[in-house]
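Let's take a friendly walk through a protein structure, one topic at a time. Keep the picture open beside you as you read.

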Amino acid sequence: MKAVLLSVSVLLISYICLSDHICTYCALVVCLVVLVNALRQTEDGLWDGFGRAVLITGCDSGFGHHLAKKLDRMGFTVFAGCLCPEGPGARSLVEESSKRVKILQLDVTKEEHIRSAKDFVEANLPVKGLYAVVNNAGVSDWGETEWSTAEDFQKMADVNLFGAIRVTIPFLPLVRASKGRMLYVSSIFAFFNCLNMGAYSVSKRGLEAFADCLRIEMASFGVQVSIIQPGNFGAATNILHKKTPKDIWADFDDVRKQTFNQKYIEEACEYFYSLCNSGFKDCSMVINAMLHALTAVKPRHRYLLVSWTDLLFFHMCPALPSFITDYIFNISSMYHKRKVMLYSEHELNHNQNIAAQYT
């Protein structure tokens, strides 16, 4: 509140002094908005975690791994759920953290792991209880819908959506008792319809629907629910499943091979991986957002984490009519190349089949 009052005062004074220089005034407004946002994130927050516990899923690497280390340094007891408790990620947490970090074997697709995790957490809670659960565990893959099977969609949802639900339900009573926080790591692909990301988008859109409903329910109990929406952090987290054009082609049956030619598969792989490698190289923006969601007096419902150049578009995207967002894809070079390559190949195969019928 102090930051807001300060900024209003500065704006009034600057308007009187700079009313004849509208460009300078507008630039000052933008700078103050950024400053206020930064100040609001730091005032009156919970920065002493001693006596409070946080459960984080997916701590083998990426966001969960870095968040566990940061919360440990802030004094929180951290229950770090790892898929491989003997792996390099878990060992790094043990070696580089205090004894407040406790490693759990936690595959979010397995009920027995979740039951064991809850028993361990309840037996090792600090005096102020379980303050938060960070549903971070996730998997990613890419490919067009016709390259996939229903099982591919199911596997993605089993981790990204139902994994979070499996963890949430048994741990809610503990978080509710401390009037704590529930965090869900989603993605911009929950609302941004993108070529090759169908299965991932389905799982993340479902996750956000679940978190939104939970936020309404938990408000009565004083529990805050936040959604983290990272943009292109593939290079920072190494979450993306790597596959070659040969891997994709080998899974195709004859029908799909007639529709999707090898040249297009190669172009699609090159474009997709180059796009991922052009994103953020570190996790700091996401970790800072998670910390704000965990420690701020009034955390946001959503944290949209993209570059400054993309911020306006992604803020507007959910409200834009579908014909506009679809048009954006139509004017992209890759989408145009795809349409030309697949259509021409399909027509060639079709004409060859017709010719064969008359010979």
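The sections below go from the whole protein to some of its residues and pairs.

## The overall picture

What you see is a predicted model. The protein is built with 16 helices and seven strands. Of its 359 residues, 44% count as buried. Its exposed surface comes to about 19,400 Å², and carbon and sulfur atoms supply 59% of that area.

Contacts tell us about the fold too. Among contacts with a separation of 6 or more, 73% are between residues 24 or more positions apart.

## A buried alanine in a strand

Start with Ala80, which you can find in strand E2 (residues 77–82). Is Ala80 buried or exposed? Its relative accessible area is 0%, so Ala80 is buried.

Which residues touch Ala80, leaving aside neighbours within four places in sequence? They are Ile56, Cys59, Leu93, Val101, Lys102, Ile103 and Leu104. Asp60 is 20 residues from Ala80 along the chain, and the C-alpha atoms of the two are separated by 8.5 Å.

## Salt bridges

A search of the whole structure turns up eleven salt bridges. In one of them, the side chains of Lys69 and Glu96 meet at 2.6 Å, N to O. Lys69 belongs to helix H3 (residues 62–73) and Glu96 to helix H4 (residues 88–96), so this pair ties together parts that are 27 residues apart in sequence.

The side chains of Asp72 and Arg100 meet in a salt bridge of 3.5 Å, N to O. Asp72 counts as buried at 5% relative accessibility, and Arg100 as partly exposed at 27%.

Now look at Glu151 and Lys155, where the closest N and O atoms of the salt bridge are 3.7 Å apart. Why are these two separated by about one helical turn? It is because they are four residues apart in helix H6. Glu151 is partly exposed, at 46% relative accessible area, and Lys155 is exposed, at 52%. Elsewhere, Glu208, Asp212, Arg215 and Arg302 are linked in a network of salt bridges.

## Aromatic rings

How many aromatic pairs does a search of the whole structure find? There are 20. Take Trp142 and Tyr273: their ring centres are 5.8 Å apart and their planes are at 85 degrees, so the pair is edge-to-face. For that label, the planes must be over 60 degrees apart. Trp142 lies in the loop between strand E4 (130–135) and helix H6 (150–160), and Tyr273 in helix H12 (residues 262–277), so the pair ties together parts that are 131 residues apart in sequence. Both Trp142 and Tyr273 are buried.

Phe192 and Phe313 give another edge-to-face pair, because their planes are at 90 degrees, with ring centres 5.9 Å apart. This pair links distant parts of the chain: Phe192 in the loop between E5 and H8, and Phe313 in helix H14 (residues 308–316), 121 residues apart. Phe192 is buried at 14% relative accessibility, whereas Phe313 is partly exposed at 25%.

Some rings form a group. Trp142, Trp147, Trp249, Phe252, Phe260, Tyr264, Phe272 and Tyr273 make up one aromatic cluster. Charges meet rings as well: the charged end of Arg52 sits over the ring of Tyr131, 5.9 Å from its centre, and Arg176 lies over the face of Phe221, at 5.2 Å from the ring centre.

## Two residues with positive phi

Lys179 has a phi near 50 degrees, a positive value in a residue other than glycine. It lies in the loop between helix H7 (162–177) and E5, and at 57% relative accessibility Lys179 counts as exposed.

Asn196 also has a positive phi, about 80 degrees, although it is not a glycine. Its place is in the loop between strand E5 (181–185) and helix H8 (198–218), and Asn196 counts as buried at 9% relative accessibility. Beyond its neighbours within four places in sequence, Asn196 is in contact with Asp141, Trp142, Gly143, Glu144, Trp147 and Phe272.

## A nonpolar patch

Phe323, Ile324 and Ile328 make a nonpolar surface patch of about 270 Å². Of these, Ile324 lies in helix H15 (residues 322–330) and counts as partly exposed, at 31% relative accessibility.

Conventions: Residues numbered from 1 in each chain as written. Predicted model: local features only at pLDDT ≥ 70, side-chain atom pairs only at ≥ 80, totals over all residues. Heavy atoms only, no water. Buried < 20%, exposed > 50% of the residue type's maximum accessible area, 1.4 Å probe, protein only. Contact = heavy atoms within 4.5 Å. Patch = residues over 30% accessible without salt bridge, like charges linked within 9 Å, V, L, I, M, F, W, Y side chains within 5 Å. Areas by Shrake-Rupley, 256 points an atom, 1.4 Å probe, with all protein chains shown as cover. Salt bridge = Lys/Arg side-chain N within 4 Å of Asp/Glu carboxyl O. Phe/Tyr/Trp six-rings, centres within 6.5 Å; stacked < 30°, edge-to-face > 60°. Lys NZ or Arg CZ within 6 Å of the ring centre and 35° of its normal.
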